[in-house]
Amino acid sequence: MPNQKGCARNLLQKIFFFSCQNSLHSLSNCRNLSHVFIQRRAYVDVYMDWKKDTYFESIESIHRSIELKPIIALKNCIVSASPQDYCIPISAVSKRGLELGIPFKVARFLRKYPSFFEEFEGPKYNLPWFKLTPTAIQLDKEEREVYEEHKNDIVDRLKKLILMSVGEQKVLPLKVIQGLQWYLGLPDEFLRHPESNLDGHFRIVEMGDELKGLAVGSDGNDGAMMSILQQNAMKKGVYAGGEREAIVFPLFPSKGLRLKRKISDWMNEFQRLPYVSPYEDSSDLKMDSDLSEKRVVGILHELLGLFVEHAAERKRLLCLRKCLGLPQKVHKAFERHPHMFYLSLRNKTCTVILKEAYREKSAIEAHPIANVRKKYINLMKESEIILKSRRVNNRATKNEANVNMKDLDCMDDDMTECCLRWNWHYCTQNVVATFTFNSPHDKESSRCSSMIWLHLVQSSVPG
């Protein structure tokens, strides 16, 4: 018995020793890999109700940009086809509606905007021609001057977009860049002839399957890039320029939008996480961690900050998922962070708006072409006034014509009644004379019979 008790005591001592040693070893690993602990945190699945904001719903430069895009495309077609006269026949663009993004007939679309396009008869066969109005020509010249003066700024925005791509080469397909051309504010000639517009800043790369991409050239690679959030945090003195320091996202809650206590606590923890720059390697991050989500939110913030209106259709951003290393359900980032992004449902689409660009305008630099587009939108609104005045004039002319027709109808009725009365009188007099003339032997009886017949006839005459 004593030997059995001693063996049991020794066995318990060994088990306790090994368990203590393993626990100490695990604690030392946790101290050395603190950032791994952050990535292994449980993903908090929060849901926030959408709240309509009248301020963001009323920004015309965003919501009328979709309507302006095909107008500018048609304007560029006219300028490139006839740079001297600014006029083309309808046959030159009648079959290019799908290419220009026009949802119906091109001729009807051109007539819808008389402040941009003026219609006239061509020199042959009386075919319709269209030319730019003097105001549209002036705005086109102003737009081209802006492109020349701020070419470096526009090129830098494209360069930042390419450097946000994943991989060692940092390449974006040309098709993806063409899909974002309107939002980046790039001129048509830049991507139409990329070889002559690169100027050493970019280079064309073969990506396989006959797919061409655009990469930053040796002249355009200026070293490490800093995001808009990093630049603003450094100006405020809350960022020292180190790698993956904690940077707080600027929040702009909409009026009447309140968060639950659980969501508010999660948001505070999310803000204290390290900031991962969109331009640095993030291959070591786990896709289902909060740190990876902060990287995704930072990429979307930087991307919208590069655009002209600091907004874009949500479906247009889905083509960047593979290129920028975004998750499959990247749209949830907009829904989980309503204090940073606003989702508008106008124009039968979903538009993502960066709140910081409109709530704190000094934080994000305005795009050089934004002011010219606002002038285009004002010119587009003049078309509505012109069409309305035409409808009023046509209605007045039509009413005047109807009044004249009614007057003519009244005159015709009066003349017809007078003619009928004269004919009846003439006929009755002839009847009396006939009866009198045809009865010479019995004048009194014939006169009586004729008077009786005349009375019956006159009683049937209207009036």
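The lining of the largest cavity splits into 1 nonpolar, 2 polar and 4 charged residues (nonpolar is Ala, Val, Leu, Ile, Met, Phe, Trp, Tyr, Cys and Pro; charged is Asp, Glu, Lys and Arg; polar is the others, Gly among them). This is a predicted model, where local features need pLDDT of at least 70 and side-chain atom pairs count only at pLDDT 80 or more, while totals for chains, interfaces and linings use all residues. Residues are numbered from 1 along each chain as its sequence is written, and side-chain values use heavy atoms, with hydrogens and water left out.

**The cavity**
- Searching the whole structure turns up 1 cavity of 30 Å³ or more (on a 1 Å grid over the protein atoms alone, a set of points where a 1.4 Å probe fits but cannot get out; lining residues have an atom within 4 Å of a point).
- The largest cavity holds about 30 Å³ of space, a volume being the space filled by probe spheres set on the points, which are joined across faces, edges and corners.
- Its lining is made of Asn76, Val79, Ser80, Arg144, Asp188, Glu189 and Arg192.
- At least two of the lining residues come from each of α5 (65-81) and α12 (188-192); helices (H or I, at least four residues) and strands (E, at least two) are DSSP runs, numbered from the N terminus.

- The largest pocket has a volume of about 1300 Å³ (a pocket is an open set with protein on both sides within 12 Å along at least five of seven lines).
- It is lined by 50 residues, and Lys69, Pro70, Ala73, Leu100 and Trp182 are the closest to its centre.
- α5 gives the largest share of this lining, with 12 residues.
- By class, the pocket lining has 21 nonpolar, 11 polar and 18 charged residues.

**Serine 65**
- Serine 65 sits in helix α5 and is buried, at 7% relative accessible area (buried is under 20%, exposed over 50%, partly exposed in between, with a 1.4 Å probe and protein chains only).
- Leaving aside residues up to four places away in sequence, serine 65 touches Glu60, Trp182 and Glu309 (contact means heavy atoms within 4.5 Å).

**The sheet**
- An open sheet of 3 strands runs in the order β4-β6-β5, with antiparallel pairing (strands pair if DSSP finds at least two bridges between them).
- β4 (171-173) and β5 (202-206) are at the edges with a single partner strand each, so one side of each has no neighbour in the sheet.
- β5 and β6 (residues 212-216) run antiparallel and are joined by 5 bridges.
- Isoleucine 204 has leucine 214 in β6 as its bridge partner.
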